[in-house]
Amino acid sequence: MNVPANPRARAKDSSPWNWLLFVPIVVPLITPLFNRDAPRLWGFPTFYWLQLAFIILGVSTTTVVYQMTKKRGDR
């Protein structure tokens, strides 16, 4: 059993790719992006289809960061 010497030690993952995770947090906070009714997409106001776009942005950003920061050889 591997027990770290200091259980409160922080992870040493300081990859610059982790900064990319702020994008899906900050972009939905920019309210002028979706504070309007037009343009409509398939009859849906901007707010609704833009929320789905934010989900896709978050998933894709998380996937890119994971793929770029995972340790090679750990399986």
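This is a predicted model: local features need pLDDT of at least 70, side-chain atom pairs count only at pLDDT 80 or more; totals for chains, interfaces and linings use all residues.
Me: How many helices and strands does the protein have, and what percentage of its residues are buried?

Reply: The protein has two helices and zero strands. The chain counts 75 residues. Buried ones make up 13%.

Me: Among contacts between residues at least 6 apart in sequence, what percentage join residues at least 24 apart?

Reply: A contact here means heavy atoms within 4.5 Å. Taking the contacts between residues at least 6 apart, the share that joins residues at least 24 apart is 51%.

Me: What is the span of α2 from its first C-alpha to its last?

Reply: Helix α2 has 24 residues. At 1.5 Å a residue, 34 Å is expected, and the helix comes close to that. Its span is 34 Å.

Me: Which residues of α2 are buried, and which helix is included in what covers them?

Reply: The buried residues of α2 are Thr46, Leu50, Phe54, Gly58, Thr61 and Val65. An α-helix has 3.6 residues a turn, so residues three or four places apart point the same way. The cover over the buried residues of α2 includes α1.

Me: Is Thr61 buried or exposed, and which residues does it touch?

Reply: Thr61 sits in helix α2. Its relative accessible area is 8%, and under 20% counts as buried, so Thr61 is buried. Leaving aside residues up to four places away in sequence, Thr61 touches Leu20, Leu21 and Pro24.

Me: Is Leu29 buried or exposed, and which nonpolar patch on the surface does it belong to?

Reply: Leu29 is found in the loop between α1 (23–26) and α2 (46–69). Its relative accessibility is 62%, and over 50% means exposed, so Leu29 is exposed. The patch has about 730 Å² of accessible area together, and its members are Trp19, Phe22, Ile25, Val26, Leu29, Ile30 and Leu33.

Me: How are the rings of Phe47 and Tyr48 arranged?

Reply: A search of the whole structure finds two aromatic pairs. In the one formed by Phe47 and Tyr48, the rings are 5.5 Å apart centre to centre, with 80° between the planes. Planes over 60 degrees apart count as such, so this pair is edge-to-face.

Me: Is Phe47 buried, exposed or partly exposed?

Reply: The relative accessibility of Phe47 is 37%. That value lies between the 20% and 50% cut-offs, so Phe47 counts as partly exposed.

Methods: Residues are numbered from 1 along each chain as its sequence is written. Side-chain values use heavy atoms; hydrogens and water are left out. Helices (H or I, at least four residues) and strands (E, at least two) are DSSP runs, numbered from the N terminus. Buried means under 20% relative accessible area, exposed over 50%, partly exposed in between (1.4 Å probe, protein chains only). Patches are made of residues with over 30% relative accessible area and no salt bridge: like charges are joined within 9 Å, nonpolar side chains (Val, Leu, Ile, Met, Phe, Trp, Tyr) within 5 Å. Accessible areas come from the Shrake-Rupley method with a 1.4 Å probe; for residues, only the protein chains shown count as cover. A salt bridge is a side-chain nitrogen of Lys or Arg within 4 Å of a carboxyl oxygen of Asp or Glu. Rings of Phe, Tyr and Trp (its six-membered ring) pair if their centres lie within 6.5 Å; planes under 30 degrees apart count as stacked, over 60 as edge-to-face and the rest as tilted. The expected span of a helix is 1.5 Å times one less than its number of residues.
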